[in-house]
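Let us go through this model by asking what each label rests on. Each answer sets a value against a cut-off.

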Amino acid sequence: MVSITLTANKTSVKAGQTVKLTGRTKGLKISTALVLQHRMAGKWTNLNAATKAKKGSSYSLQAKLSKGTHVLRIAAVNGSGKVYSSTVTVKVS
């Protein structure tokens, strides 16, 4: 079974501050591309934040988000299709 976890170090930040996102993958190859996405107007779109699964199946990335409430997830593509993490919500004031 393939899965991705996602945790944000902060769920509320001020504009301009960085949010660190970390997690683990299961069943994905090392160096699989992981892309940060957010839901906007009911659709998921890619943000300019990406990383790769590392040895030990961990990953981390940082993002600066605009003001508002962001519902985020990590997306990856493997041999059997797309895989998504659960979501986290970050509020930016």
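Q: What do the words buried, exposed and partly exposed stand for here?
A: Buried means under 20% relative accessible area, exposed means over 50%, and partly exposed covers what lies in between. The model is a predicted one.

Q: Why is S31 called partly exposed?
A: S31 has a relative accessible area of 45%.

Q: Where is S31, and what is said of its phi?
A: S31 sits in the loop between β4 and β5. Its phi is positive, about 80 degrees, although S31 is not a glycine.

Q: Which loop holds A41, and what is its phi?
A: A41 is in the loop between β5 and β6, the latter being residues 43-52. A41 is not a glycine, yet its phi is positive, at about 55 degrees.

Q: What makes A41 buried or exposed?
A: The relative accessibility of A41 is 81%. Exposed starts over 50%. A41 therefore counts as exposed.

Q: How do you know whether T32 is buried or exposed?
A: T32 has a relative accessible area of 12%. The limit for buried is under 20%, so T32 is buried.

Q: Where does T32 sit, and what does T32 touch?
A: T32 is in the loop between β4 and β5. Leaving out residues up to four places away in sequence, T32 touches T51, K52, A53, A76 and V77. A contact here needs heavy atoms within 4.5 Å.

Q: What makes T51 buried or exposed?
A: T51 has 17% relative accessibility. That is under 20%, so T51 counts as buried.

Q: Which strand holds T51, and which residues does T51 touch?
A: T51 belongs to strand β6. Beyond four places in sequence, T51 touches T32, A33, L34, Y59, S60 and L61.

Q: Why is V77 called exposed?
A: V77 lies in strand β8. Its relative accessibility is 57%. The cut-off is over 50%, so V77 counts as exposed.

Q: What is V77 in contact with, and how far is A33?
A: With neighbours within four places set aside, V77 is in contact with T32, A33 and K82. V77 and A33 are 44 residues apart in sequence and 7.5 Å apart in space, C-alpha to C-alpha.

Q: What class does S3 fall into, and why?
A: The relative accessible area of S3 is 28%. That lies between 20% and 50%, so S3 is partly exposed. S3 is in strand β1, residues 3-4. Not counting residues up to four places away, S3 touches R24, T25, K26 and V83. S3 and M40 are 37 residues apart in sequence and 23 Å apart in space, C-alpha to C-alpha.

Q: What makes a set of residues a nonpolar core?
A: The members are buried nonpolar-core types, such as Val, Leu and Ile, joined through side-chain atoms within 4.5 Å. The largest such core has 22 residues. Those with the most contacts inside it are I4, L21, L34, L36, I74 and V90. β4, β5, β7, β8 and β10 each supply at least two residues of this core.

Q: Which residues is I74 in contact with?
A: Beyond four places in sequence, I74 is in contact with I4, L6, L34, V35, L36, Y59, L61, V83, Y84 and S85.

Q: How do you know that R73 sits over rings?
A: The rule asks for CZ of Arg within 6 Å of the ring centre and within 35 degrees of the ring normal. The charged end of R73 is over the ring of W44, 4.0 Å from its centre. R73 also lies over the face of Y84, at 3.7 Å from the ring centre.

Q: How many aromatic pairs are there?
A: The count is zero. A pair needs ring centres within 6.5 Å.

Q: How do you know that the chain agrees with a compact globule?
A: A compact globule of 93 residues would have a radius of gyration near 12 Å. The chain has 13 Å, which agrees. Its C-alpha trace spans about 40 × 25 × 20 Å along the principal axes.

Q: How many helices and strands does the chain have?
A: The chain has zero helices and ten strands. Of its 93 residues, 37% count as buried.

Methods. Residues numbered from 1 in each chain as written. Predicted model: local features only at pLDDT ≥ 70, side-chain atom pairs only at ≥ 80, totals over all residues. Heavy atoms only, no water. Buried < 20%, exposed > 50% of the residue type's maximum accessible area, 1.4 Å probe, protein only. Helix = DSSP H or I, 4+ residues; strand = E, 2+ residues; numbered from the N terminus. Rg over C-alpha atoms; globule rule 2.2 N^0.38 Å. Phe/Tyr/Trp six-rings, centres within 6.5 Å; stacked < 30°, edge-to-face > 60°.
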